[in-house]
Amino acid sequence: MPSVAPQLRDLRRRAGLTLEAAAARARLSPAHLSRLETGRRQPSLPLLLGLARTYGTTVSELLGETPAVADPIVRAGGPGAREADGWTYWQAGGSGRGMQALRVHVPHGRSQGELVRVHPGEEWLYVLGGRLRLHLAEAEYLLEPGDSAHFDSLTPHRIGADTRSGADLLFVHTLLQSSLAGLCLGGGASGAPAHHR
């Protein structure tokens with residue numbers, strides 16, 4: 001995966017955020033965000049999603065991909081696969097929109113599926129193949145191909161593949177760009193891990 005360090009720094013500065021303020025909103029330590037910005041650490045897909053939400057942008061922009069003209073069609077042979085810590089994803093929607101659509105392969109047995117995320121917005125997912133384990137608050141669901149879920153992202157949630165070959169899904173989430181999103185993401189939260197997927 002290409003280095004995202006220059007884009008992370010530029011997007012934070014464009015948002016007018018100090019390292020400390022951006023780290024608080026993304027629920028990271030300033031030292032961790034600094035390592036990401038200097039390229040000493042590569043972010044996982046859950047971190048990329050969280051940082052995209054924090055900066056009101058898309059994973060594509062974080063990766064430095066040139067924004068396309070607002071074409072409503074995303075062809076099958078479009079942007080290639082990207083990998084982040086074992087998770088593979090493909091762009092499935094246009095850039096610069098109020099929501100982001102991805103096709104995702106979740107590998108079996110990756111620890112990220114066990115990390116909980118809470119953030120403002122909505123998420124929708126549709127299982128294409130394999131079985132997906134979805135935890136929403138205290139409930140656990142097994143989703144088969146053809147099953148879908150639509151939930152408020154403020155509900156603590158985590159996902160993981162329940163089949164050895166992993167699981168494939170379509171994933172759509174809202175990108176909140178208001179100051180309210182920043183307030184919800186930052187501040188005195190319970191200290192629960194901030195990443196999932």
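Helices (H or I, at least four residues) and strands (E, at least two) are DSSP runs, numbered from the N terminus. The model is predicted: local features need pLDDT of at least 70, side-chain atom pairs count only at pLDDT 80 or more, and totals for chains, interfaces and linings use all residues. Residues are numbered from 1 along each chain as its sequence is written, and side-chain values use heavy atoms, with hydrogens and water left out.

**View 1. Trp 87 and Thr 88 in strand E2.** Strand E2 covers residues 87-91 and includes Trp 87; Thr 88 lies in strand E2 too. Thr 88 is buried at 15%. Between Trp 87 and His 105 there are 5.9 Å from C-alpha to C-alpha, with the two 18 residues apart in sequence. Beyond four places in sequence, Thr 88 has contacts (heavy atoms within 4.5 Å) with residues including Arg 103, Val 104 and His 105.

**View 2. The largest nonpolar core.** A nonpolar core is a set of buried Ala, Val, Leu, Ile, Met, Phe, Trp, Tyr and Cys residues joined through side-chain atoms within 4.5 Å. The largest one has 40 residues, and Leu 33, Leu 51 and Tyr 55 are among those with the most contacts inside it. Helix H4 (residues 45-55) gives the largest share, 7 residues.

**View 3. Strands E6, E5 and E8.** These 3 strands form an open antiparallel sheet in the order E6-E5-E8. Strands pair if DSSP finds at least two bridges between them; 5 bridges join E5 (residues 132-136) to E8. His 135 stands opposite Arg 158 in E8.

Terms used. Buried means under 20% relative accessible area, exposed over 50%, partly exposed in between (1.4 Å probe, protein chains only).
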